[in-house]
Amino acid sequence: MRKTGLYGCRMSLACAAAMMALSGCKVDKVDQNKVRDLTFTVVGENDIPAELKSLVDERKGAPFKLTYTNDQGLYIAVGYGEQETGGYSIQVDELYLTENSIVADTELLGPEQGEATGVGKSYPYIIIQTEYSELPIVFQ
């Protein structure tokens with residue numbers, strides 16, 4: 001007599017799990033070839049929509065990337081988490097449209113040597129506003 005009870009069950013579960021992992025959701029390839037640059041505005045602290053400001057405040061302690069839309073357009077927010085000092089800035093290297101996405105590339109710039117940075121922690125983030133789109137955002 002062959003024992004297959006528990007062993008057979010484990011093998012079936014392992015096979016099922018492997019099949020699910022191998023056949024999981026297909027991720028469409030995101031085209032990153034530029035169609036055109038997007039015009040954008042860096043949103044000042046006083047002009048951030050209240051709901052977006054609340055989301056940023058909840059997340060600013062850790063790095064984050066999020067999007068928000070309203071009747072004013074698409075907002076792309078990128079935060080770099082807690083930094084030990086002030087004096088940081090964020091540069092938008094690129095914001096452009098592809099066939100099936102929007103590519104957003106930002107960079108955190110540290111304080112310049114000799115710059116007064118203060119003694120407190122900072123939470124650098126940037127919010128950029130551009131034309132409305134339902135395309136996915138690719139953060140670089």
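A residue counts as buried when its relative accessible area is under 20%. By that criterion, Tyr-68 and Tyr-75 are both buried in this predicted model. Their rings form an aromatic pair, with 5.9 Å from centre to centre and 55 degrees between the planes, and the pair is tilted.

A search of the whole structure finds two aromatic pairs. Because Phe-64 belongs to strand β3 (residues 63-70) and Tyr-125 to strand β7 (residues 125-130), the pair ties together parts that are 61 residues apart in sequence. Phe-64 and Tyr-125 are buried.

Strands β3 and β7 belong to an open sheet of four strands, in the order β2-β7-β4-β3, with antiparallel pairing. The edges are taken by β2 (41-42) and β3; each has a single partner strand, so one side of each is left without a neighbour in the sheet. Within the sheet, strand β4 (residues 73-80) pairs with β7 over six bridges in the antiparallel sense. Ile-76 has Ile-128 of β7 as its bridge partner. Helix α2 (residues 50-59) packs on the sheet and touches β3, β4 and β7. The direction of α2 makes about 170 degrees with that of β3.

Another ring has a charged residue over its face: Lys-34 lies over Tyr-96, at 5.2 Å from the ring centre.

The average pLDDT is 83, and 78% of the residues score at least 70. Over residues 1-27, pLDDT stays under 50, and the model has one contact beyond four places in sequence for them. Where pLDDT is low, the predicted coordinates should not be read in detail.

Key. Residues are numbered from 1 along each chain as its sequence is written. This is a predicted model: local features need pLDDT of at least 70, side-chain atom pairs count only at pLDDT 80 or more; totals for chains, interfaces and linings use all residues. Side-chain values use heavy atoms; hydrogens and water are left out. Rings of Phe, Tyr and Trp (its six-membered ring) pair if their centres lie within 6.5 Å; planes under 30 degrees apart count as stacked, over 60 as edge-to-face and the rest as tilted. Helices (H or I, at least four residues) and strands (E, at least two) are DSSP runs, numbered from the N terminus. Buried means under 20% relative accessible area, exposed over 50%, partly exposed in between (1.4 Å probe, protein chains only). A charge sits over a ring if NZ of Lys or CZ of Arg is within 6 Å of the ring centre and within 35 degrees of the ring normal. pLDDT is the predictor's confidence in each residue, from 0 to 100. Contact means heavy atoms within 4.5 Å. Two strands pair if DSSP finds at least two bridges between them. Axes are lines fitted to C-alpha atoms, for helices over the stretch in contact, and angles run from 0 to 180 degrees between N-to-C directions.
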